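Hello,

Here is the structure for you to open. My notes on it follow below.

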Amino acid sequence: MKRNYIEGEWINALMRAFTNLGLDTQAIIQDLPGFEGQGFISGQRLDVGSARQMWHRADLQACDPLLGLKAGGSLDYRAVGVLTPVIWHSPTVRAALNNIATFQTLISESGAYKITDKQKPQANRPILDHLVCEYIPTPNVVPVNPHQVLAVVSGTLGIIHAISNGQVQAKTLQVPAAFKQSINTNLLEKALNEQQIKCQVHSQGEHFSLTFSHEHLDIPLPGCDAHLYEINKSYAEDLLRTKRAGLALIDSVKEVIIQQGYSLATIEDVQTQLGLHSRTLQRNLLEQGTRFRQIKEELLKDQAIHLLISKKLSINAVAQQLGYSETSAFHRAFKTWSGVTPKQFCNIRHF
């Protein structure tokens, strides 16, 4: 479960950042799984939808166009665990960016960078002109909050500035046009400049992205320890392999739950379909910081929200599609997940 400790430390660091910004963290984490008191239980797994709900609640409380920048900039580098030494000892900025993209899911499953080299036409042959780091959100019934991504992107800007001693700056930060009311690009650019990060901020496109000139990307970074780099990178790769195997198991469990009719599915169904002994299945899920019941409730909640909000089905129809024999049982279950009834949920702006 070591990879879950990394995610848990990130979440707890985020809670401390919200507290320092004067936000009510108890309200932010209310009814979300994995929390105890004011903090996240070490070793537990927080699903993508719940992580995004935290940010939507924080955004509604703060009403701050720079929330993501402030929260992301105040996080301790230790919050990203093994990723810190991997980045700090990366031989070049290009390697550091690729490592961030590769190992990002160790911290959060909400999205990841896609890195693309762009070419510039020339008379003889095209040459590499710039590199684009585009943040692609993970598909989920709960949409990503712009400040959640801004925290990640501004953190990337900060660490690249630090490891290159200010020699490498992003040319542009692109904020999706859909978020122009949530994030003031002029204020953001001014705030970044005050942090000595010279970066133009534009509102356009579908995703957040950073553009870097190829100049200096492949120049060796000073102070790197190649031995430490290889040790920590190997460790991170091992954690990532284990996490991917765990996520594959969770996805397989979800597929069985869907096949068996959501609420009608039992752990015995999963054992039979996957050919796993009861103790083996439960042990493997515990190693991922979760249980069958938690996965089932996560899936039921996501599907219920999708049918209620996106498909706009009636509460009775949703209860029927999720396999509940009585609508009242669905009401009770939904209130347990969300703290409100399905009708109240539809009338409240959650994200």
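Five helices, α1 (2-20), α3 (48-62), α4 (67-73), α5 (83-88) and α7, each supply at least two residues to the lining of the largest pocket. Helices here are DSSP runs (H or I, at least four residues), numbered from the N terminus. A pocket is an open set of points on a 1 Å grid over the protein atoms alone, where a 1.4 Å probe fits, with protein on both sides within 12 Å along at least five of seven lines; lining residues have an atom within 4 Å of a point.

This is a predicted model: local features need pLDDT of at least 70, side-chain atom pairs count only at pLDDT 80 or more, and totals for chains, interfaces and linings use all residues. Residues are numbered from 1 along each chain as its sequence is written, and side-chain values use heavy atoms, leaving out hydrogens and water.

Back to the pocket. Its lining has 38 residues, and Trp10, Val80, Ala151, Val152 and Gly155 lie nearest the centre. Helix α7 gives the most, nine residues.

Next, the cores. A nonpolar core is a set of buried Ala, Val, Leu, Ile, Met, Phe, Trp, Tyr and Cys residues joined through side-chain atoms within 4.5 Å. Buried means under 20% relative accessible area (1.4 Å probe, protein chains only). The largest core has 74 residues; Phe18, Leu173, Leu188, Phe208 and Phe212 have the most contacts inside it. Helix α7 (residues 146-163) gives the most to this core too, with nine residues. Apart from it lies another core of 30 residues, including Leu249 and Trp337.

Last, alanine 333 sits in helix α14 (residues 327-338). Alanine 333 is buried, because its relative accessible area is 16%.

Best wishes

Note on methods
Buried means under 20% relative accessible area, exposed over 50%, partly exposed in between (1.4 Å probe, protein chains only).
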